[in-house]
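Colleague: Can you walk me through this one? I'd like to start with the pockets.

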Amino acid sequence: MRSFVQPDVVWDVCFPLNCLNGIDAVMNEFVTPIRRSLDGVRRRDEIFIGSRNPHDGCEWIASLTHYVGNFNAPLFGIPPNNRLVMLRSGEFYRVDDGRIGEAKLILDLVDLLRQTGQSPVPHVLGNEMLYPGPATHDGVLPGNRDRGESSMQLINAMLADMHEYDPETYSSARQTGINGYWHEDMLWYGPGGIGSSYRWAGFQKDHRIPFLTAFPDREGGNRFCEFGDGDYAALGGWPAMSMTHKGEYLGVGPTGRKLTLRVMDFYRCADGKIAENWVLLDYMDLLDQMGVDVLAQVRGS
């Protein structure tokens, strides 16, 4: 570990860990608990890409992975089910002189709770399932790296147009159709609490409309990293969104609170369109901001 990580590393993790400072904290509060809880734990990377981040000029690596193991001991306050689990994780690493100097990780603990039969979300609109790897099976160290810049440009153009929307139809310019950003058969893989959906109509119904109804004033951006690598692109914000809780969401009625949301997105592009999108959102943190103590509920059960 010390060969690959700077001793003063800043290791930002999802709620309830949040910020870990220094390699000893990373070992004691992140690595060791996962090893103790997930018996025989190993990584199963689906996307593993890297490039220079224009926001700081540094080299970054991004990974979409699962931690695979038998869940035999509590993890971060979540009771085990003594069965196989696949804990999905989105991860970004800044590399300085061959060692990790900064890391940001979102473990999908809401989905882990679902796998153990303890989901904190009463009704999910999409299909909650295991994240599949890219349809092209080339997400780990992809080729055609010269296409990375055009992949990131496509994503940025899509997000810029998606920011503005019709409050009655929730539609945004140029998202679909012949000149649209998204492939007709797009797949959108959402985190625990949302689930996954197929094609633009499914994405609208299962995620976008409920989200915009709850947070109509949401503002995005504030990225710590973004880059393209071949036909793939990745970006993250810590937090990426700020918004007001004005409508019911994840089973929680409107609180009127100002909220923030940590976000990671992984994309695969094909023929100038976005074909697949994997999304990690720190919903444990969002629920905590909305006044829901998920871990206390789990302990009470």
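This is a predicted model: local features need pLDDT of at least 70, side-chain atom pairs count only at pLDDT 80 or more; totals for chains, interfaces and linings use all residues.

Colleague: What volume does the second largest pocket have?

Modeller: The second largest pocket holds about 500 Å³ of space. Its lining has 20 residues, and M1, W11, R43, Y67 and Y93 are the closest to the centre.

Colleague: How does the lining of the second largest pocket divide into nonpolar, polar and charged?

Modeller: There are 14 nonpolar residues, one polar and five charged in the lining of the second largest pocket.

Colleague: And what is the volume of the largest pocket?

Modeller: About 580 Å³ for the largest pocket. Of its 27 lining residues, L159, M162, R218, M241 and D265 are the closest to the centre.

Colleague: Which elements each supply at least two residues of that lining?

Modeller: For the largest pocket they are α3, β7, α4 (199-214), β10, β11 (258-270) and β12. By class, this lining has 16 nonpolar, seven polar and four charged residues.

Colleague: Let's take β7 next. Which strands do bridges join to β7?

Modeller: Strand β7 (residues 182-189) runs parallel to β12 (residues 273-281), and four bridges join the two. In that pairing, L187 is opposite E276 in β12. Two bridges also join β7 to β8 (residues 197-198), and that pair is antiparallel. There, W188 is opposite S197 in β8.

Colleague: Change of topic. How many salt bridges are there?

Modeller: The count comes to 20 salt bridges. Some of them form a network that links D12, R94, D96, E102 and K104.

Colleague: What distances do you get for R94 with D96 and with E102?

Modeller: For R94 and D96, the closest N and O atoms are 2.6 Å apart. For E102 and R94, the figure is 2.5 Å.

Colleague: Is that R94 buried or exposed?

Modeller: R94 counts as buried because its relative accessibility is 17%, and the cut-off for buried is under 20%. D96 is buried too. E102 also counts as buried, at 15% relative accessibility.

Colleague: Which residue does D231 meet in a salt bridge?

Modeller: D231 meets R147, at 2.8 Å from N to O. This pair links distant parts of the chain, with the residues 84 apart. D231 is in the loop between β9 (223-229) and β10 (232-244), while R147 is in the loop between α2 (109-115) and α3 (148-163).

Colleague: Is R147 buried or partly exposed?

Modeller: Partly exposed, because its relative accessibility is 33%.

Terms used. Residues are numbered from 1 along each chain as its sequence is written. Side-chain values use heavy atoms; hydrogens and water are left out. Two strands pair if DSSP finds at least two bridges between them. A salt bridge is a side-chain nitrogen of Lys or Arg within 4 Å of a carboxyl oxygen of Asp or Glu. Buried means under 20% relative accessible area, exposed over 50%, partly exposed in between (1.4 Å probe, protein chains only). On a 1 Å grid over the protein atoms alone, a cavity is a set of points where a 1.4 Å probe fits but cannot get out, and a pocket is an open set with protein on both sides within 12 Å along at least five of seven lines; lining residues have an atom within 4 Å of a point. Grid points are joined across faces, edges and corners, and a volume is the space filled by probe spheres set on the points. Ala, Val, Leu, Ile, Met, Phe, Trp, Tyr, Cys and Pro count as nonpolar, Asp, Glu, Lys and Arg as charged, and the others, Gly among them, as polar.
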